[in-house]
Amino acid sequence: MANHSNIVGGSTAKRVIACPASVKLAQAMPEGRKSSKYADEGTLCHNIMDAVLTDGRKPEDFIGQTLNDVEVTAELIEAKVLPALAALAEIDPDGQMEFECETVVGFGEALPDVFGSADVIGRIGNRAIVLDWKFGDGVDVAVEENPQAMFYAAAAMRTPAAQWAFDGATEIECVIIQPTAYKPVKRWLTGPTRIRAFERELFAAVKAAMGPKPALVSGDHCRWCPAKPTCPLLTGAVDRALQLQMAALDAPMIGQMLTKADLLEDWIKDLRGLAFDMLKEGVAVPGYKLVPKRATRQWIDPEKAQAALVGVGLDATELTETKLVSPAQAEKVLKKRKLAMPDDLIVAVSSGDTLATEADPRPASLQIGVQLSAALGKLV
């Protein structure tokens with residue numbers, strides 16, 4: 001993935017608009033912090049998607065490649081890359097989309113040094129498409145009014161290398177493909193007027209951020225803020241944090257805070273566990289519910305599935321390793337042959353429940369009990 005502006009980029013647009021003061025606080029944090037294994041895995045997946053779509057490479061060619069301590073495995077390809085490619089086919093079923101991958105877009109002289117890398121910029125008919133891959137787990141990213149998608153759209157409209165996708169377009173579709181989400185493909189149709197309005201919000205936020213007294217506001221945008229450990233709204237040290245210098249940090253104070261953080265982390269873990277147990281026993285916990293974990297597709301009857309796939313023209317050697325290939329792998333082979341998946345071969349089964357807020361788009365587990373029982377019944 002390409003670099004992003006240290007003022008504001010696609011992934012930070014929501015935070016900067018909500019809290020302009022976070023820009024200078026984040027800039028004052030030390031550089032070179034080690035990335036997480038989740039970020040490294042996302043980078044690997046983005047690189048694979050770029051190579052597959054731009055250079056015609058095969059996903060399996062990347063098995064064994066590493067980034068830091070993260071390795072591309074067959075399981076990673078199966079769980080994230082192949083579903084992402086299948087989801088792209090849903091967006092462009094007839095292969096009509098003209099597109100470019102990993103395009104660096106920015107605002108030129110209107111907003112110097114503000115830029116980002118758009119995963120996919122495309123065009124179908126009178127519709128410009130801005131597509132973003134999300135390979136993380138746990139957070140189901142919404143697409144409607146998504147600041148990151150609108151940032152890329154607004155920047156692309158001002159970038160000469162990307163303007164071809166927007167010239168004359170009357171519609172702009174923002175797409176998020178997140179293979180591990182409850183709803184892997186999310187689409188939001190908007191237009192140039194909404195994107196220009198977002199651009200005005202962004203410009204105002206950047207201007208405020210560079211000013212003498214930018215607003216400091218807490219909210220859900222704080223979750224990924226790099227300055228969270230020293231944010232004055234969390235520490236109460238407003239004057240010190242606004243003039244943050246790493247050399248001036250109070251090391252004993254940080255140590256004391258870490259001790260408290262360890263206790264709080266254990267408390268939070270136990271609290272979540274208690275809420276989970278209560279909900280499992282049918283006790284209502286206001287604001288929360290249990291929802292099924294992501295369902296993974298399985299063959300209802302592997303022998304029957306293999307016979308059916310051979311029956312539509314596939315060779316048995318294409319379908320078996322040491323066991324029958326997964327539904328996603330079989331679909332890849334079927335696509336090459338331009339064949340359809342036979343009906344009634346696949347069922348999606350969740351591995352259990354997980355705690356989520358009531359705002360989560362997934363239905364509560366109790367609401368889908370009948371459907372889940374029916375799905376499990378097919379496996380008997």
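Glu 98 is exposed, with a relative accessibility of 52% (exposed means over 50% relative accessible area, buried under 20% and partly exposed in between, with a 1.4 Å probe and protein chains only). This residue lies in strand S3 (strands are DSSP runs of E with at least two residues, helices are runs of H or I with at least four, and both are numbered from the N terminus). Leaving aside residues up to four places away in sequence, Glu 98 touches Ile 121, Gly 122, Arg 123 and Trp 164, where contact means heavy atoms within 4.5 Å. The C-alpha atoms of Glu 98 and Ile 121 are separated by 8.4 Å, although the two residues stand 23 residues apart along the chain. Strand S3 also holds Glu 102, which has a positive phi near 50 degrees despite being a residue other than glycine. Glu 102 counts as buried because its relative accessibility is 19%.

The model is predicted, with local features requiring pLDDT of at least 70 and side-chain atom pairs pLDDT 80 or more, while totals for chains, interfaces and linings use all residues. Residues are numbered from 1 along each chain as its sequence is written, and side-chain values use heavy atoms, with hydrogens and water left out.

Turning to the whole protein, the secondary structure comprises 13 helices and eleven strands. Of its 380 residues, 40% count as buried. Among contacts with a separation of 6 or more, 70% join residues 24 or more positions apart. The exposed surface comes to about 21300 Å², and carbon and sulfur atoms supply 55% of it; these areas come from the Shrake-Rupley method with a 1.4 Å probe, and for residues only the protein chains shown count as cover.

What does the interior look like? In soluble globular proteins, nonpolar side chains tend to be buried together. Here the largest nonpolar core has 37 residues, and Val 8, Phe 107, Phe 151, Phe 166 and Leu 202 have the most contacts inside it (such a core is a set of buried Ala, Val, Leu, Ile, Met, Phe, Trp, Tyr and Cys residues joined through side-chain atoms within 4.5 Å). At least two residues of this core come from each of helix H1 (13-18), strands S3 (98-107), S4 (111-124), S5 (127-133) and S6 (171-177), and helices H5 and H6 (192-209). H5 gives the most, with eight residues. Leu 202 touches Val 8, Ala 13, Ile 17, Phe 107, Leu 111 and Phe 151, again not counting residues up to four places away in sequence. Apart from this core lies another, of 28 residues, among them Ile 48, Val 120, Ile 129 and Val 185.

Helix H5 deserves a look of its own. Spanning residues 147-157, it has ten of its eleven residues buried, including Pro 147, Gln 148, Met 150, Phe 151 and Tyr 152. At the start of H5, a side-chain oxygen of Asn 146 comes to within 2.9 Å of the backbone nitrogen of Gln 148. Helix H10 (residues 302-311) is capped at its N-terminal end by Asp 301, with a side-chain oxygen 3.1 Å from the backbone nitrogen of Glu 303. After H10 comes Gly 313, with a positive phi near 115 degrees.

Four aromatic pairs were counted, taking rings of Phe, Tyr and Trp (its six-membered ring) with centres within 6.5 Å, and calling planes under 30 degrees apart stacked, over 60 edge-to-face and the rest tilted. Trp 133 and Phe 135 are stacked, at 6.3 Å centre to centre and 25 degrees between the planes. Phe 151 and Tyr 152 pair edge-to-face, at 5.8 Å and 80 degrees. Phe 151 is buried at 0% relative accessibility, and Tyr 152 is buried at 3%. Phe 107, Phe 151, Tyr 152 and Phe 203 form one aromatic cluster.

The number of disulfides is zero, a disulfide being a pair of cysteine sulfur atoms within 2.5 Å. For Cys 231, the nearest cysteine sulfur is that of Cys 222, 6.0 Å away. Cys 231 is buried, with a relative accessible area of 12%, and Cys 174 is buried at 0%.

Finally, Asp 344 sits in the loop between helix H12 (327-337) and strand S10 (346-350). Its phi is positive, near 60 degrees, in a residue other than glycine. Asp 344 is exposed, with a relative accessible area of 62%.

Methods
Polar contact = N/O pair within 3.5 Å; in protein donor to acceptor, adjacent residues only side chain to side chain.
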